[in-house]
There are 2 protein chains.
Amino acid sequence: MAETRWLDEHEMAAWQGFLEATSRVSRHLEQQLKDDAGLSHPQYEILVRLAAAPDGEVRMTELAEGLFTSKSGLTYQVGQLEKRGLVTRRSCPTDVRGVLAVLTPTGRRTLREAAPGHVAAVRASLIDVLDEEELTVLARALGRVGSRLRPDGAAGPVGPPAP
Amino acid sequence: MAETRWLDEHEMAAWQGFLEATSRVSRHLEQQLKDDAGLSHPQYEILVRLAAAPDGEVRMTELAEGLFTSKSGLTYQVGQLEKRGLVTRRSCPTDVRGVLAVLTPTGRRTLREAAPGHVAAVRASLIDVLDEEELTVLARALGRVGSRLRPDGAAGPVGPPAP
DNA sequence: GGCCGTCGGTTCGAATTTGAACTACATGTC
DNA sequence: GACATGTAGTTCAAATTCGAACCGACGGCC
């Protein structure tokens, strides 16, 4: 292994900015959702995915992937939502092992009530803080960062070899 | 409250990219640190801050602010580090209430061994994935996002009122 | 000098997250 | 068809996180 390439000032600023922004934004939104809708962020995301799916139902595994969370974590959160009547489970018709999480009418209503406040908070804390160029660059750059870390190894081109 | 301004496709891409990138990067680095050095990310950050401070000691509250974590969370993590002999506590000479976390020689050595691998992982997952322009824009944009959410209300100019 | 509101840290209990079993089923191969 | 291997989801214990309650100490003020 060659000498360590430490981060220069510029890179360090980006890294620290990333850390601070992600911490604060996620904390802020978590708080907003809890206060205004009594939902955690994972729970909100579950409702969103279900609402967007045909018949409002999605396989557990598919949900877990979309949430970037572990299988057991998802089981827990769906359990919480089920307790509150926002979601139901039914077994998958084409695979006996499978389970579908299903959005209930109450769940759909809860989401409809929570969404405007949450979107407003996302805008206030992130989206509307960026100008047009920043938004574009950020989407492109972070999209690449995220996709390269996907487990399926969608690493794509590693980029040109160092000159 | 006016009509909700939903996110358009462009904004949604940025938001989703942000969510995915933050999830995956933090998960990836957490894993790398645990595997290679037996440290959690908060623990690593504590060691870094201590190593950078004169005499390797920092007040608890100051540490908590730097880590964007709660006071109790910090107490816990410093406790863990203390158990492993990487950190000691001593009471602050100028304020009886205060506590200083102090880096031990073992702690300093542990950090020195962990740092190269961690920096490499930060590069591989984020920094080296960005080109020069992206790095600059990201530092600027996320820096602004983070600072606006600081509790001290360093909100700065909110920007021109909507036209 | 004594009081009052605030600060610095810890402790506590509750909620959440994770990875490692574990069960039950699906799938491909011969 | 039977078997080996992999997949879907849950359960479990352990670790971590948060906020609220708490205690002792500080500081300003009368």
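**Entry 1: DNA strand C**

I began with the surface near DNA strand C, and its largest share, five residues, comes from α4(A). I take a residue as near a strand if one of its heavy atoms lies within 4 Å of it. Helices here are DSSP runs of H or I with at least four residues, strands are runs of E with at least two, and both are numbered from the N terminus.

Before going further I noted the ground rules: this is a predicted model, where local features need pLDDT of at least 70, side-chain atom pairs count only at pLDDT 80 or more, and totals for chains, interfaces and linings use all residues. Residues are numbered from 1 along each chain as its sequence is written, chains are lettered from A and ligands numbered from 1 in the order in which they are written, and side-chain values use heavy atoms, with hydrogens and water left out.

Which elements supply at least two residues each of the surface near DNA strand C? I found α4 of chain A, together with α1, α3 (60-67) and α4 of chain B. Of the atoms of DNA strand C that come within 4 Å of the protein, sugar and phosphate account for 68%.

By class, I have five nonpolar, 11 polar and seven charged residues on this surface. The classes go like this: Ala, Val, Leu, Ile, Met, Phe, Trp, Tyr, Cys and Pro are nonpolar, Asp, Glu, Lys and Arg are charged, and the others, Gly among them, are polar.

Next I looked up polar contacts, meaning pairs of N or O atoms within 3.5 Å; within protein, one must be able to donate a hydrogen and the other to accept it, and residues adjacent in sequence count only if both atoms are side-chain atoms. A:S72 has a polar side-chain atom 3.0 Å from a base oxygen of DNA strand C.

**Entry 2: DNA strand D**

I then turned to DNA strand D, which has 22 residues around it; A:R27, A:T61, A:R89, A:R97 and B:Y76 come nearest. Of its atoms within 4 Å of the protein, 66% belong to sugar or phosphate and the rest to bases.

Which element gives the most to this surface? I found α4(B), with four residues. The residues of the surface divide into five nonpolar, 10 polar and seven charged.

The side chain of A:R97 has an N or O atom 2.4 Å from a base oxygen of DNA strand D, and B:S72 has a polar side-chain atom 3.0 Å from a base oxygen. At B:V96 a polar backbone atom is 3.4 Å from a phosphate oxygen.

Buried means under 20% relative accessible area, exposed over 50%, and partly exposed in between, with a 1.4 Å probe and protein chains only. After the helix comes A:G85, with a positive phi near 80°.

In α2(A), I list A:H41, A:Q43, A:Y44, A:E45, A:I46, A:L47 and A:L50 as buried.

**Entry 3: aromatic pairs**

How many aromatic pairs are there over all chains? I count two. The rings of A:W15 and A:F18 have centres 5.9 Å apart and planes at 15°, so this pair is stacked. Rings of Phe, Tyr and Trp (its six-membered ring) pair if their centres lie within 6.5 Å; planes under 30 degrees apart are stacked, over 60 edge-to-face, and the rest tilted. Both A:W15 and A:F18 are buried. B:W15 and B:F18 also form a stacked pair, 5.9 Å centre to centre with 15° between the planes.
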